[in-house]
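Please read it alongside the sequence and the model.

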Amino acid sequence: MERRELLRLLASAGALPLLAPLARAAGTDDWQAQYETSGAVWKIGFATPPDDMPPTRATVRGRFPDAVAGTLFRIGPAGHDLGGERYHHWFDGDGMVHRLAIEGSDVRHEGRYVATPKRVAEVKAGRRLFEAFGTMPPGVEPPTSADSINVANTSVLPMQGEVLALWEGGSATRIDARTLDTLGLKTWRADLAGMPFSAHPKVDPDGTVWNFGVSSGQGLLALYEIGSEGTLRRAAVVPVADMPMVHDFAVTERHLVFLMPPLVYDGKRKEVGASFLDAHVWRPELGMRALVVDKQNWERRQLLALPAGFLFHVGNAWEEVTPRGTLIHVDYVRSDNADSVFTSNREVMRGRRVKSTEPYLTVATLNLSTGRATQTALAQEAEFPRIDPRRVGLRHRHVVHATQIRRELPGFGAIARTDVETGRSQRFSYGAQAIVEEHVFVPDGSKPGWVLGTALDFGRKKTVLSCFAADHLGAGPVAQATLPYALPLGLHGAFVPA
Ligand SMILES: [Fe+2]
């Protein structure tokens with residue numbers, strides 16, 4: 001691709017289509033009232049902290065192992081309502097970044113809203129001014145750029161003493177790792193300002209960071225390669241027909257792997273006022289496309305086909321050369337359709353539980369030599385898959401993930417560690433009064449390592465941070481810190497050793 005053409009595409013991809021949102025009649029929105037009157041015992045998980053949460057010491061039972069001395073950064077949607085108006089989707093809310101500082105029997109928490117331009121302007125105005133992922137508040141202005149609606153609420157990437165707060169529709173936001181101050185938008189290169197930088201970058205064992213971004217309106221997939229020192233090595237855009245919602249991806253030693261569910265962006269829906277989410281259409285006839293891109297030469301791409309299905313998250317991928325051909329194995333969390341993003345993740349905002357199609361840990365094999373792809377579902381309900389960070393792109397055995405869906409509660413009740421080759425799994429259930437959040441794997445030299453993560457104990461209205469021996473998950477936590485309050489249910493985190 002000519003550099004001039006690339007720059008033109010990048011420039012156009014940075015801006016969202018300017019649209020006139022449908023104005024809802026004032027007074028017809030009663031989600032706030034429905035949330036407040038809901039009798040759901042778990043609804044505190046979707047409450048809005050009125051302000052930043054100052055440093056607070058937790059009550060600790062046991063002692064956190066030396067390998068988990070450090071900081072667990074977490075982030076999630078937290079600013080769900082403003083001016084009496086409540087968002088209609090869990091993923092809409094203003095991001096709050098959390099720091100859980102761990103040292104032996106001492107655990108301290110601090111939480112701060114990311115001071116995005118959107119949040120700053122809206123808090124000042126006392127009402128919503130812009131659209132969100134799944135909500136078009138009445139009377140909002142068309143976005144002036146992707147970053148004018150950036151809520152920085154999805155994941156974190158620690159880098160060079162900073163923490164990048166990630167969203168998938170626009171730039172990363174720089175956060176001071178020590179103070180949690182918002183430092184501004186991350187621009188990798190001047191001509192890439194405002195380009196989507198997704199929330200699930202992958203870090204190779206040598207420190208190279210790979211990421212992508214989806215420009216839905218333009219049908220472009222942006223690719224990024226960033227050196228371990230934090231400087232951009234390469235960026236380009238790749239055209240994709242029938243651009244789907246792509247939330248996560250995988251890397252192997254030689255390839256980037258995109259599983260593309262048939263949830264496809266339709267610009268015409270956006271033009272008549274749909275939210276970004278509602279501009280997507282389920283088109284199962286497209287199947288699940290697997291796009292494999294050569295890491296060294298992004299012009300070398302291959303498309304394979306899997307049965308239609310939906311995913312948010314990928315665990316890991318790795319490749320091997322066999323007599324049957326070059327195989328990529330990729331495990332991901334698959335559901336038969338995308339109804340969870342349209343229903344259950346929406347209805348929780350008004351305190352309603354709606355059950356949707358269960359996601360299962362699934363292992364796909366892409367044969368690059370024959371172009372054929374197959375997959376096997378394991379018997380594990382799953383979300384928030386994480387692996388040993390030292391095995392990214394390499395052969396791995398274990399995936400740590402949330403599991404145990406309950407009919408009457410949103411989210412998951414247990415944390416599990418599953419061997420993706422044998423399907424064997426062990427789990428720890430947090431009980432009937434808890435909702436599990438993402439747990440991460442923390443390496444400990446050549447030892448089995450640790451599993452570290454948070455859960456909402458809605459019965460006690462408190463959030464707990466637990467650490468488990470990775471090879472004895474079922475034995476329960478070796479240490480647990482209990483905060484004196486509940487945090488809003490969040491999305492992803494990253495551990496930084498001391
Ligand atoms: Fe995610």
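In the largest nonpolar core, which has 137 residues, Val97, Val156, Ala165, Val257 and Ile435 touch the most other members; such a core is a set of buried Ala, Val, Leu, Ile, Met, Phe, Trp, Tyr and Cys residues joined through C-beta atoms within 7 Å. The model is predicted, and local features need pLDDT of at least 70, side-chain atom pairs count only at pLDDT 80 or more, while totals for chains, interfaces and linings use all residues. Residues are numbered from 1 along each chain as its sequence is written.

**Core and burial**
- Leaving aside neighbours within four places in sequence, Val97 is in contact (C-beta atoms, placed from the backbone, within 7 Å) with Phe73, Ile75, Arg112, Val114, Val156, Val163, Ala165, Ile175 and Leu180.
- Buried residues make up 51% of the 498 residues in the chain, where buried means that 20 or more other C-beta atoms lie within 10 Å of the residue's own, exposed that 12 or fewer do, and partly exposed in between, with C-beta atoms placed from the backbone.

**Helix H3**
- Helix H3, residues 117–125, has Lys118, Arg119 and Glu122 as its buried residues.
- Seen down the axis of H3, these residues fall within an arc of 90 degrees, so they line one face of the helix; the arc is that of the directions from the helix axis to the C-beta atoms.
- The buried residues of H3 pack against strands S3 (70–79), S4 (81–82), S6 (94–103) and S7 (106–113).

- Four strands form an open antiparallel sheet in the order S16-S17-S20-S21, two strands being paired if DSSP finds at least two bridges between them.
- Strands S16 (250–251) and S21 (301–306) stand at the edges of that sheet with a single partner strand each, so one side of each is left without a neighbour in the sheet.
- Strand S20 (residues 288–294) pairs with S21 in the antiparallel sense over 6 bridges, and Ala290 stands opposite Leu304 in S21.
- Another open antiparallel sheet of 4 strands runs in the order S26-S27-S28-S29.
- Strand S28 (residues 412–419) pairs with S29 in the antiparallel sense over 5 bridges, with Thr418 opposite Ser425 in S29.

**Whole chain**
- The chain has 6 helices and 34 strands, which are DSSP runs (helices H or I, at least four residues; strands E, at least two) numbered from the N terminus.
- The C-alpha atoms fill a box of roughly 60 × 55 × 40 Å, taken along the principal axes.

Technical notes. Contact = placed C-beta atoms within 7 Å.
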